[in-house]
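Subject: Structure for your files

Hello,

Here is the structure I said I would pass on. My notes on it follow below.

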Amino acid sequence: MTTAPRILLVEDELSSAEVLALLLADDGYEVTVAPDARQALLRLEEAAPDLLITDFMMPGMNGALLVKALRDMPRYAALPVLMISGAPESALRSYAVPYQAFLRKPFSLDEFLKVVASLPRA
Amino acid sequence: MSTGADKTSPIDRIPTGVPGLDEILGGGLLRSGVYIFQGSPGAGKTILANHIVHRHAAGGGKVVYVTLLAESHARLFQHMESFSFFHPDVVPEKVYYVSAFHALRTDGLKGVIELLRTEMRSHQAGIVVLDGLVMAASAAESDEELKLFISDIQTHSTLSGCTTLLLTSENADRPVSAEQTMVDGIVLLRERAFGVRRERNLEVVKFRGSSTLRGNHSFRIGPQGIVVYPRLESARRPGPTDCVHRTGVSTGVAGMDAMFDINGYAKGSVTALSGPSGCGKTTLALHFAAQARPGDSALFVGFYEPPALLRQVAETLGLRWPDDPAALEFMWQSFGENMLDELAAGILERVAHGRHARVVIDGAGGLMATPGFSDRGGAFLAALTSELRAQGTTTLITVEQMDTSRALVLDSATMSALADNVLDLHMMKSPRMRRFATIRKSRVSRCDLRERELTLTPTGVALVEVPNIGD
């Protein structure tokens with residue numbers, strides 16, 4: 001029996017986080033939500049994600065620095081990442097962080113689900 | 001013995017970069033100050049704050065923009081992208097948008113303070129915006145707690161050298177609140193109704209450490225963002241000194257120059273052409289404008305006939321209409337849908353930019369129909385004519401005398417007080433329609449006070465003597 005793919009969703013805008021989490025749950029994913037990078041790192045063990053979806057601009061550590069921190073952890077070095085942001089993708093270049101997909105907000109929910117479905121699983 | 005340490009150095013200013021606003025603020029916001037920008041939803045606070053922060057970023061500064069509201073940053077960007085001040089490539093390096101909603105929900109006002117503190121520091125922000133102070137006020141359990149919140153913000157702002165803008169959607173005219181007593185400055189944004197028309201304005205009601213231009217100042221939101229027009233009467237400008245010369249500037253009307261001992265209107269003077277509709281005011285104004293040449297150029301400000309029609313009329317009269325756009329510039333405004341200070345700013349900027357020696361305002365009625373004129377009337381015109389004199393222009397304003405059944409908003413006595421020369425025009429039917437002109441007043445020159453009749457010649461209007469009754 002296959003288990004539902006597990007997603008760690010990191011988003012500081014609570015209303016957006018709730019909507020995306022419900023959408024993903026409806027599509028069969030098991031979702032853990034963290035409001036910022038610090039909380040995401042604390043909940044890694046519990047979330048055991050197959051995929052990370054993270055906002056870029058967040059209080060404290062931003063999404064790019066979160067991904068960098070995860071890449072330094074052997075267990076999560078190859079974790080697929082979908083980066084979402086209101087800023088253009090060019091803003092991420094200076095961080096030189098590998099991620100698998102980027103979506104600029106606002107995006108359609110259909111497009112969001114398609115991109116999530118297309119990503120590999122850890 | 002004084003060590004010099006007794007002297008306090010002036011506080012640095014942070015220019016807002018918003019056209020007109022820094023003039024009102026006396027040069028900009030004060031570094032480390034905490035300011036409330038208050039106005040009902042739709043007043044323009046978020047646009048104003050984003051305009052300020054993006055101008056700050058364009059100048060090399062860094063900003064943290066913290067939201068406590070439900071509007072997502074994505075939606076905010078969508079709205080801001082339509083303005084030319086918004087540059088997405090400064091996000092997030094120079095303008096970092098972050099939500100404090102979670103911090104408020106889980107840790108209350110203390111959580112928001114902690115977020116502001118860490119973001120100010122980590123981004124080395126010169127400006128922090130907190131958009132949604134009303135949410136913080138709702139979360140405060142008492143006025144005391146809210147005051148402590150503001151006090152903490154002030155402490156962090158002072159220590160970090162960061163200027164903080166607090167946006168609140170409270171109505172601008174609500175009674176003084178706890179947070180207002182704490183901050184360094186308050187800017188109120190309102191929309192004022194004039195019948196069916198609306199005009200946006202802002203007022204600086206509090207500003208510690210500096211004088212500001214008092215009262216309401218209108219502003220407009222357009223593709224470039226916000227443009228503020230300081231109220232002309234309050235704006236600090238040097239007063240006119242030696243601006244009216246006893247040098248004649250040709251009226252362009254044969255026979256009229258000779259009515260003045262200096263052979264024309266005094267250079268730098270303001271002349272009012274007053275008379276009922278159809279008496280020839282615009283005709284005489286066209287003669288004055290038609291004298292324009294490069295180096296003696298003119299600005300024609302109109303509210304009625306568009307430029308093409310004016311040119312047609314001028315050519316029908318036989319006038320040599322300047323072809324060179326450097327000689328004659330038009331500023332045509334639709335009747336009634338203007339802002340007084342925007343009009344004044346437009347006129348003065350064009351005069352300065354084009355170095356125009358002549359200005360025609362056809363006519364005062366276009367200014368009088370503008371919202372707010374009834375409150376400001378004479379004071380506004382006095383300020384405008386003073387500015388035009390200071391720029392050395394020779395100005396002609398047409399003023400329509402209304403019939404006695406309607407109230408005069410700008411009476412001839414006021415016009416006479418503002419203008420250096422007043423020419424009265426009137427008409428008489430005997431048996432055909434005849435038009436006459438008299439100089440009622442000439443401040444700087446001696447003049448011939450006898451009535452003249454306007455006659456049409458192949459090259460325009462001429463003034464001829466009127467035979468005495470006894471002749």
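Domains and sheet of chain B

Chain B is assigned domain 1 (13-229) and domain 2 (248-465); such bounds come from an automatic or database domain assignment. This is a predicted model, in which local features need pLDDT of at least 70 and side-chain atom pairs count only at pLDDT 80 or more, while totals for chains, interfaces and linings use all residues. Residues are numbered from 1 along each chain as its sequence is written, and chains are lettered from A and ligands numbered from 1 in the order in which they are written.

The C-alpha centres of domain 1 and domain 2 of chain B lie 44 Å apart. Their contact (C-beta atoms, placed from the backbone, within 7 Å) takes 7 residues from domain 1 of chain B and 6 from domain 2 of chain B. On the domain 1 side, β9 (197-207) and β10 (216-222) of chain B each supply at least two residues; β10(B) gives the most, with 3 residues. Strands here are DSSP runs of E, at least two residues, numbered from the N terminus.

Chain B also has an open sheet of 9 strands with mixed pairing, in the order β16-β15-β17-β18-β14-β19-β20-β21-β22. Two strands pair if DSSP finds at least two bridges between them. The edge strands, β16 (328-332) and β22 (460-465) of chain B, each pair on one side only.

Within this sheet, β19 (421-429) and β20 (433-442) of chain B pair in the antiparallel sense over 9 bridges. B:L425 stands opposite B:A437 in β20(B).

Regards

Technical notes:
Helix = DSSP H or I, 4+ residues; strand = E, 2+ residues; numbered from the N terminus. Contact = placed C-beta atoms within 7 Å.
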